[in-house]
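The following briefing is intended to be read beside the sequence and the coordinates.

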Amino acid sequence: MQTRVDAGLAVPQIRCDVDLTPFNTFGLPARASRFAVVRQAKDVAALRADPDWASGPSLVLGGGSNLVLTRDIPGLVLKVEVAGRKLVGEDRDAWYVEAGAGENWHDFVRWTLDQGRPGLENLSLIPGTVGAAPVQNIGAYGLEMAERFHSLRAVELDSGELIELDNAACRFAYRDSVFKQELAGRVLIISVTFRLPRRWQPVLGYADVARELAACGIVEPTPKQVSDAVIAVRQRKLPDPARIGNAGSFFKNPVVDAGTRARLAAAHPELPSYAQPDGRFKLAAGWLIDRSGWKGRDLGPVGAYENQALVLVNRGGARGADVERIARAIQADVLAKFGVQLEPEPVFV
């Protein structure tokens, strides 16, 4: 369902020739011809009144954690910094918690736990902002954001109208949504509301998290203990973007039919695979990359991280073209060895 609500006006500042290096976690150099910060829905309406608005923004930025910049941006770049987090409703089964699109995702997750409203703990420490979470339908350790999503508010860039979309309208799929399809570049997300269950049950299907809890002697974990375990696992495997540039998991876990999975399992019995509801199987992209000889290996200034081959890292001085080059090389090697095509997660601009 999609409904419309009213918006007002504001006057945000537009800056010229802005360095975008600090605004993407890969640390890739690029410049924006014009740059403005959106702190509320009415900022977009004011920007639309600018004579240079033309067809709208060339790029909308959240935390820049799912982005590969390959060039300078000739048009307007909007940086979303809408703040705020609050309880907006509750019923017998759930709490409804809203957060501004510019809120840091991990900080928001921990805040919900501090408030005694669990449900997002498996998604702890995922980089980026709340507004970017529905675009990618972020997921980790057995949980996808869509399972806790209720609705969001967004501005239509063509009309300036504020609209509300429910779960069905967002058409969530594995690392996908309507915002990467027909609404790509057409809306700017302002806030997101989550439905957090009162009758909480831990999601412990992933072995890494279960092992971490067992190592701590925890048999019946609290939501915060699950979050702590996820954080510990991620910190061991994944580099901190503040210390070494990266965009998190770079490739999607490929989903293959049962016949392909059977063929691969016969040749590689240790291949991790996960049955899907439609009868297909999800394969571990990191394992495929590792077994293709890329773990810890560099190509120019970009490499596959030594603790997790699924993550590409900026060793220093990398440009977008360097990231594209190693991504293509990894895809080619995995395809040649396993017959499986890897698809990047980040957006290339």
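In which loop is the place of Asn24? Asn24 is located in the loop between strand E2 (14-19) and strand E3 (31-38), where helices (H or I, at least four residues) and strands (E, at least two) are DSSP runs numbered from the N terminus.

This is a predicted model, in which local features need pLDDT of at least 70 and side-chain atom pairs count only at pLDDT 80 or more, while totals for chains, interfaces and linings use all residues. Residues are numbered from 1 along each chain as its sequence is written, and side-chain values use heavy atoms, with hydrogens and water left out.

**Confidence**

- The mean pLDDT of the protein chain is 93, and 96% of its residues reach 70 or more; pLDDT is the predictor's confidence in each residue, from 0 to 100.
- Over residues 2-10 pLDDT stays under 50, and for this stretch the model has 25 contacts beyond four places in sequence, a contact being heavy atoms within 4.5 Å.

- Four strands form an open sheet in the order E14-E20-E19-E18, with antiparallel pairing; two strands pair if DSSP finds at least two bridges between them.
- Strand E14 (245-249) and strand E18 (298-299) each have a single partner strand and stand at the edges, so one side of each is left without a neighbour in the sheet.
- Strands of a sheet pair through backbone hydrogen bonds, either parallel or antiparallel.
- Three bridges join strand E19 (residues 302-304) to strand E20 (residues 311-314) in the antiparallel sense, and Gly303 has Val313 in E20 as its bridge partner.
- E14 and E20 also pair in the antiparallel sense, over three bridges, with Asn246 opposite Val313 in E20.
- Four of the five residues of E14 are buried, which leaves this strand mostly covered; buried means under 20% relative accessible area, exposed over 50%, and partly exposed in between (1.4 Å probe, protein chains only).
- Helix H9 (residues 320-338) lies across E18, E19 and E20 and runs at about 35° to E19; axes are lines fitted to C-alpha atoms, for helices over the stretch in contact, and angles run from 0 to 180 degrees between N-to-C directions.
- Gln331 is found in helix H9 and counts as buried because its relative accessible area is 15%.
- Beyond its neighbours within four places in sequence, Gln331 is in contact with Phe251, Gln341, Leu342, Glu343 and Pro344.

**Nonpolar cores**

- The largest nonpolar core has 57 residues, and those with the most contacts inside it are Trp105, Phe108, Met145, Leu152, Phe179 and Phe194; such a core is a set of buried Ala, Val, Leu, Ile, Met, Phe, Trp, Tyr and Cys residues joined through side-chain atoms within 4.5 Å.
- Strand E13 (residues 187-197) supplies the largest share of this core, seven residues.
- Leu152 touches, outside four places in sequence, Pro134, Ile163, Glu164, Leu165, Cys170, Phe179, Ile189, Ser191 and Val192.
- Another core, of 43 residues, lies apart from the largest one, and Leu20, Leu59, Leu264 and Val349 are among its members.

**Cysteines**

- The structure holds zero disulfides, a disulfide being a pair of cysteine sulfur atoms within 2.5 Å.
- Cys170 counts as buried because its relative accessibility is 0%, whereas Cys216, at 52%, counts as exposed.

- Arg31 lies in strand E3 and, at 35% relative accessibility, counts as partly exposed.
- The C-alpha atoms of Arg31 and Asp17 are separated by 6.2 Å, with the two residues 14 apart along the chain.
- With neighbours within four places in sequence left aside, Arg31 is in contact with Asp17, Val18, Asp19, Leu20, Asp72 and Ile73.
- Asn137, although not a glycine, has a positive phi of about 45°; Asn137 sits in the loop between helix H3 (132-136) and strand E9 (139-140) and is buried, with a relative accessible area of 0%.
- Arg171, in the loop between helix H4 (167-170) and E13, likewise is a residue other than glycine with a positive phi, near 50°; Arg171 is partly exposed, with a relative accessible area of 47%.
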